[in-house]
Amino acid sequence: MKVPELPTQSSGTLYVVATPIGNLEDISARALRILAEVALIAAEDTRHSARLLQHFGIATPLQACHEHNEREQGGRFIGRLQAGDDVALISDAGTPLISDPGYHLVRQARAMGIRVVPVPGACALIAALSAAGLPSDRFIFEGFLPAKMAARRARLELLREEPRTLIFYEAPHRILECIEDMRLVFGAERLALLGRELTKTFETLKSLPLGELYDWVAADSNQQRGECVLLVAGWEAPAGDEQVSAGVMRVLDLLLAELPLKRAAALAAEITGVRKNLLYQQALERQKGA
Ligand code: SAM
């Protein structure tokens, strides 16, 4: 029987390296070492990243890996990794794959059994959340909303009763219309935070109810420039309002079909953020009616 040939060389490692979102001091010592040591850097925009590398005196060759060529180029990077070379993946700013290219390459590498190592660092959504003073134990990241108003409002409607803190990226030229739609859908009283130009000279973190935030941004065109993250407080059932939404009742009913009443109410509260006692009462009503 023929003995399979043993690989003479094991695969290299794909490092997913976060770079700064503005302030160059935010790059980590580990990121700099890895960027200097790898054989090749896969970059979203090679010209943009060349400036970053030059600043830190790093001469590692760059190759493009952007959303238009990621699938085709992936094979080239995988080939280098399989040949034993270490490769670093970076995007223009922050953490690759977070509203940035890299997903296909990482997925392909993992499927081929290649070691993928995160080198964490700056990420705009986490930076904003860490300083927002909004509940941070649970949150959802929605990335960019649709550019067209009807689709954007429809997306926001689906999120109207989301109890976790909501996080969005938005382009500066759409920030005002986006806040306007949020005010319409979530209500003018819902607390929000605009994080703009984080870590840069004109960094702004402004926390106001959506109605006031809209007026504040509308009154100052400077607030409609630069890079922005929007955070919106999660939905809370109005105090004293004993109404539970149809969506929450659906969750409760599904759990009641499988679990004892108390456990179902507790889990439904965990999932939806609605008060446990209120759900317990609803579950009792359901049982009485059954
Ligand atoms: N991968 C990046 C990260 O880790 O945050 C995000 C890339 S995404 C293409 C770019 C968006 O991130 C911008 O439109 C903005 O919404 C947000 N962003 C990036 N840098 C920012 C900053 N310094 N301040 C506020 N938002 C920022």
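This is a predicted model: local features need pLDDT of at least 70, side-chain atom pairs count only at pLDDT 80 or more; totals for chains, interfaces and linings use all residues.
| Residue | Protein atom | Ligand atom | Distance |
|---|---|---|---|
| Threonine 95 | polar backbone atom | oxygen | 2.8 Å |
| Aspartate 100 | side-chain N or O | nitrogen | 2.8 Å |
| Alanine 124 | backbone N or O | oxygen | 2.8 Å |

The ligand on its own exposes 570 Å², of which the protein buries 90%.

A separate topic is the packing of two helices. Two packed helices are described by the angle between their axes and the distance between the axes. For helix H9, spanning residues 246–256, and helix H11, spanning residues 276–289, the angle is about 65° and the axes lie 11 Å apart. H9 and H11 cross in a right-handed sense. On the H9 side the contact involves Val248, Met249, Leu252, Asp253 and Leu256, and on the H11 side Leu279, Gln282, Ala283 and Arg286. By class, the residues of this contact are six nonpolar, one polar and two charged.

Definitions and conventions:
Residues are numbered from 1 along each chain as its sequence is written. Side-chain values use heavy atoms; hydrogens and water are left out. Axes are lines fitted to C-alpha atoms, for helices over the stretch in contact, and angles run from 0 to 180 degrees between N-to-C directions. Helices (H or I, at least four residues) and strands (E, at least two) are DSSP runs, numbered from the N terminus. A crossing is left-handed if the near helix is turned anticlockwise from the far one by less than a right angle, and right-handed if clockwise. Contact means heavy atoms within 4.5 Å. Ala, Val, Leu, Ile, Met, Phe, Trp, Tyr, Cys and Pro count as nonpolar, Asp, Glu, Lys and Arg as charged, and the others, Gly among them, as polar. A polar contact is a pair of N or O atoms within 3.5 Å; within protein, one must be able to donate a hydrogen and the other to accept it, and residues adjacent in sequence count only if both atoms are side-chain atoms. Accessible areas come from the Shrake-Rupley method with a 1.4 Å probe; for residues, only the protein chains shown count as cover.
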